Amino acid sequence: MKRATVIILLGLAAAALPATAQNKWDITKIDVSKLPPASDKQDLTYDKDIKPLLDASCVRCHGAQRPRAELHLDNLEGLLKGGHDGKMIVPGDSKKSLLVAAAARIDNKIAMPPAGRGRGPGGPGGTNGPPPGGPDGGGAGAQGGPPGAGGPGRGGPPPKPLTAEQVGLIRAWVDQGAK
């Protein structure tokens, strides 16, 4: 009887874990004052304004074929859902949205593409980061992939970081409700 009780309790605890999971990265510890300003453009939509930016710089690693960290940026539903590290955006508040901070590359721990992977040192507001592959030697392209998937060792050039203006568009879109 004790064994059955322990098994049931362990099962309940395991089932509760995903519901309590939070972002691996604490956005409150990131200096969001370094973010580029939000764009003044109105009526932004994912399909018209944001998807083309993500397709060009993010989807080769966060798309349908092999979504790193279980994060799909190739569709609005996937972006709103988030991934392994939790929610990526807070509709209505770009300063609390991990996607915005990662795309702005203002912190090397969360910079996307990772520091050393894109073109230029650290991107808008960023700084030079760890050597290519990140601190653990992994990173984009380390696991291989289908030809033409992009990234070092993946048959294409490294992903291009978003510009400050593009991050500003994402900020404005998130601040407008992320629709």
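1. In soluble globular proteins, nonpolar side chains tend to be buried together.

2. Look at Ile170. Leaving out residues up to four places away in sequence, Ile170 touches Ile50, Leu53, Leu54, Leu99, Val100 and Leu162.

3. Ile170 is one of the buried residues of helix 5; the others are Val167, Gly168, Arg171, Ala172, Trp173 and Val174. These buried residues pack against helix 2 (46-57), helix 3 (76-81) and helix 4 (98-104).

4. The geometry of helix 5 checks out. Helix 5 (residues 164-175) has 12 residues, so at 1.5 Å a residue it should span 16 Å; the end C-alpha atoms are 16 Å apart, which agrees. Just after helix 5, Gly177 takes a positive phi of about 110 degrees.

5. The chain averages a pLDDT of 75, and 64% of the residues score at least 70. Among the elements of the chain, helix 5 has the highest mean pLDDT (98) and helix 1 (residues 2-20) the lowest (47).

6. Two stretches call for caution. Over residues 9-22 pLDDT stays under 50, and the model has one contact beyond four places in sequence for them. Residues 118-153 also have pLDDT below 50, yet this stretch has 76 contacts in the model beyond near neighbours in sequence. Where pLDDT is low, the predicted coordinates should not be read in detail.

Conventions
Residues numbered from 1 in each chain as written. Predicted model: local features only at pLDDT ≥ 70, side-chain atom pairs only at ≥ 80, totals over all residues. Heavy atoms only, no water. Helix = DSSP H or I, 4+ residues; strand = E, 2+ residues; numbered from the N terminus. Expected span 1.5 Å × (residues − 1). Buried < 20%, exposed > 50% of the residue type's maximum accessible area, 1.4 Å probe, protein only. Contact = heavy atoms within 4.5 Å. pLDDT = per-residue confidence, 0-100.
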